[in-house]
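Let's take a friendly walk through a protein model together. Have the sequence and the 3D view open, and look for each part as it comes up.

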Amino acid sequence: MIRYILRRLVLMIPVALLVTVGVFILVRLSPGDPALVFAGEERDPNALAAIREQMGLDQPIPVQYVVWLGHLAQGDLGRSFQTHQRVLEAVTERLPATLELGLAALLFSTSVALIVGILSAVKRNSIVDLLSTSITLAGVSFPSFFLGIVLILLFAYIIPGRIFPPGGYVPLTQDAGDNLRRLVLPAVTLATASLAVNLRQVRSSLLDVFGHDYMRTARAKGLRERTVIARHALKNALIPVVTLIGIQIGAIIEGAFITEQIFFWPGIGRLAVQAIPSSDYPVVQGVVLISAFSYMFSTLIVDIVYAWLDPRISYEAATA
Amino acid sequence: MRSARFALVFVSAFAILLAACAGGQQPSGGGSAAPSGAKAAYGGTLTFALENDVSNLDPMLSGLFVDRNIHYAMYDSLVRVDPQGNILPWLAEKWETSTDGKTVTFHLRQGVKYHDGTAFDGDSVKWNIDRYIQTKGSLRTADLGSVDNVQVVDASTVKFNLKSAFAPLLGALVDRAGMMVSKKVVDAMGADFTVKPFKAGTGPFILTEAVKNDHYTLEKNPDWWGKDAAGNKLPFLDKITVKPILDADVALTNLRTGQAQVINRINGKDVPVVKTDPTLTYQQVGSFSWNSMVPNEAPGFIFNEHRYVKAVAMAIDRDEILNKGPAQGIGLVGWGPISPAHFAYDPSFKPWPKADPDGAKKLVAEVGKGPLKFELLVPSGDPATLQTAQLIQAELAKADITMDLKTQLFNDIVTLQQQHKHPGMTFVGWSGRLDPDGNTYDFVVTGSPNNDSSYSNPKVDDLMKQQRAESDPAKRKTLLLQAQQIYAVDDPSRVWFGFGVSPLVTVKNLTGMESYPDRIPRFQTAQLQK
């Protein structure tokens, strides 16, 4: 297993290099001039030339790439063109907010998907099943920017008492109660799409497992239905669900781009959304790179969890 | 009869003198000259919902309006303005300009200290101005382009030696080019000074916390030098929290729900409601900002034919744009860049008081190249901007002018415009400057940095250069208006169609704040009544 993990880690290097080339070229395809954005309404040509020089934009693109990669190798993601803040600092400042939102959404979507998915599979074609299918359809159909606004309208304006604020963020350490109140709407918005996908996966995986011989054997042994589902059905049905959740963990950083914008949640997504129209290359590159790494690591973790869930999966054999 | 008139004059003069004595002193810390009468309320914290996150807290590198909203609270400038646009003494208590206009001597306020404890003096002024002029990439080089050098006469006197007489200099020193920062903090913070210039100013509030995209904390400077009209020491508030909230509707909701106490932008549709809300106070004054359509008049482009620009300027219905557009009447119609808030404004300047589609048709026919058709690049992201463009599109259609709309990122439009590559016109305005020179010169003088329309008219160049060297405001006004007649009407450089207003909405128990034409809130006189 350790050999497998090491091999995967080594393989990440060429993938990461490809990502750096891709993101470096893509951000430069936009016609906007970062120096003009930085200067705002000030257009002194000498000042603009000096700004371009300071940003390194007077150099050919391959030279810019090598310089950036050199700094990256030393753990330096550079400084924002617009604010001069270190990109790593900008990202780490916002990481707690993004992680909190992402994990809350994941917890919500996973737990609801498991409970409703199991009920839906066990009581197939019942009211619960019908409801769960409707939730799935609605969740997949509603884009987060629409759902977010509907939730704000409902809970911050229409329903008396303004149960949840329309947006904003208070650190957990500052006021836990207020933090949680502000977390609910964005977390539900972010969770809805993945909830629908996970719910559908739990239901269909369980239905698939229910048809297997070992389920009949378990029941024939006289085990209680609850034990049959928990011990025999669920563990086997969870493997595809774990894949989905793993991908969703990897997607926490960029998954919240839109939701963070709607709810003024000061996370990494908002950082990137503001950096893109400003042609703030270092920030966009930094966020995309970190997002790519989080994907790569989450898929590795998913593969490791597979082996734990299903002892038949052996990476040593595959590598031999 | 004669003695009665004399008596009336005498009584009036006495009454004015009495009022002046009773009315207290001219406030040194800005704000209204009239004391409120109420007992000064010290303490309290307020939240200001800012329209976007600040980009750069270093006055040297700041290029955006939002930045100035925090700058004004934490930094002092050499001079400032009152709500009417008159220059006020600030860190410079008085100044003299030499008869040839090439030297300005500033006498500095004594005993002032930066928030980090270092002294503000003549050396500090010289260091700041040198930094603004000499640093590579400084965005203040254009503002201070006329300054040859700064000479320290003594600890409280500095002399600005100019390359040539430059009337708009004082106006430039009101803003970032005149803001003084502590050398010690700049040296200590290095590149991080742009993000966290803690204790760097001498202003009424001290920046103590800066969390990008979330909030900024400004705490009271107990040693600030300013006093209000009643002689009360300023500032009154203990703390200001600045929160960037991008959406105007959300910002207003925050105000209504008590999560914010001040906003300085509002959608036109909300103004009538806010005005009648008993819990809020609404104020507005005309601003320096203007709205325009920028043609590309470079050779090879449609608008190289200036009569087409004039046809567009004639055909649009400015009243309709203001009243039926998303502004909902909040703003002012205009035909040029000199706003009603400027000393050089001419209220009679209305070249086309009503839309003249027939006149526009005749002008296009006179060119003789068939119907006029062009593309307008509209910045994406703001529905109100697009709605205004659509309204103009419908108005131009009445003059048989076809204007196609294309939305694009603002940054991309400005880049194209700067490179003189936009095919037709762009929909880009200007936030405005205190001195009318800042609203005009760079946009119309041949080869100037903001002359994105590639406009060139030798007569305009000559008039604009003359006004810069003219120290008499009345003569300057004449020169500015002569130039405006040419570049806005006779041989138009772009299409101006209106001016903005500066709104200020506060909660009712917040007093002492006034709306300024530059839209920047001044917090040093703000009081939260219990």
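This is a predicted model: local features need pLDDT of at least 70, side-chain atom pairs count only at pLDDT 80 or more; totals for chains, interfaces and linings use all residues.

Residues are numbered from 1 along each chain as its sequence is written, and chains are lettered from A and ligands numbered from 1 in the order in which they are written.

**Helix pairs in chain A**

Two packed helices are described by the angle between their axes and the distance between the axes. Helices here are DSSP runs of H or I with at least four residues, strands are runs of E with at least two, and both are numbered from the N terminus. Axes are lines fitted to C-alpha atoms, for helices over the stretch in contact, and angles run from 0 to 180 degrees between N-to-C directions.

| Pair | Crossing angle | Axis distance |
|---|---|---|
| α5(A) and α6(A) | roughly 130° | within 8 Å |
| α10(A) and α14(A) | roughly 165° | within 8 Å |
| α5(A) and α10(A) | about 145° | 12 Å |

Angles under 35 degrees count as roughly parallel, over 145 as roughly antiparallel, 65 to 115 as roughly perpendicular and the rest as oblique. Therefore α5(A) and α6(A) are oblique to each other, whereas α10(A) and α14(A) are roughly antiparallel.

A crossing is left-handed if the near helix is turned anticlockwise from the far one by less than a right angle, and right-handed if clockwise. The α5(A) and α6(A) crossing is left-handed. Its contact joins V116(A), G117(A), L119(A) and S120(A) of α5(A) to V128(A), D129(A) and S132(A) of α6(A). Residues are in contact if their C-beta atoms, placed from the backbone, lie within 7 Å.

By contrast, α10(A) and α14(A) cross in a right-handed way. Their contact has eleven nonpolar, six polar and one charged residues. Here Ala, Val, Leu, Ile, Met, Phe, Trp, Tyr, Cys and Pro count as nonpolar, Asp, Glu, Lys and Arg as charged, and the others, Gly among them, as polar.

The crossing of α5(A) with α10(A) is right-handed too. L106(A), T110(A), I118(A) and V122(A) of α5(A) meet I229(A), I245(A), Q248(A) and I249(A) of α10(A). Those residues divide into six nonpolar, two polar and no charged.

**Where the chains touch**

The contact takes 37 residues from chain A and 32 residues from chain B. On the chain A side, α3(A) gives the most, with six residues. That side divides into 16 nonpolar, twelve polar and nine charged residues.

**A look at α3(A)**

Which residues of α3(A) are buried? They are A47(A), L48(A), I51(A) and M55(A). A residue is buried if 20 or more other C-beta atoms lie within 10 Å of its own, exposed if 12 or fewer, and partly exposed in between. After α3(A) comes G56(A), whose phi is positive, near 80°.

**A loop residue in chain B**

Y345(B) sits in the loop between β13 (332–333) and α10 (357–367) of chain B. With 19 other C-beta atoms within 10 Å, Y345(B) is partly exposed. Y345(B) and K477(B) are 132 residues apart in sequence, yet 7.9 Å apart in space, C-alpha to C-alpha.

Technical notes:
Two residues are in contact if their C-beta atoms, placed from the backbone, lie within 7 Å.
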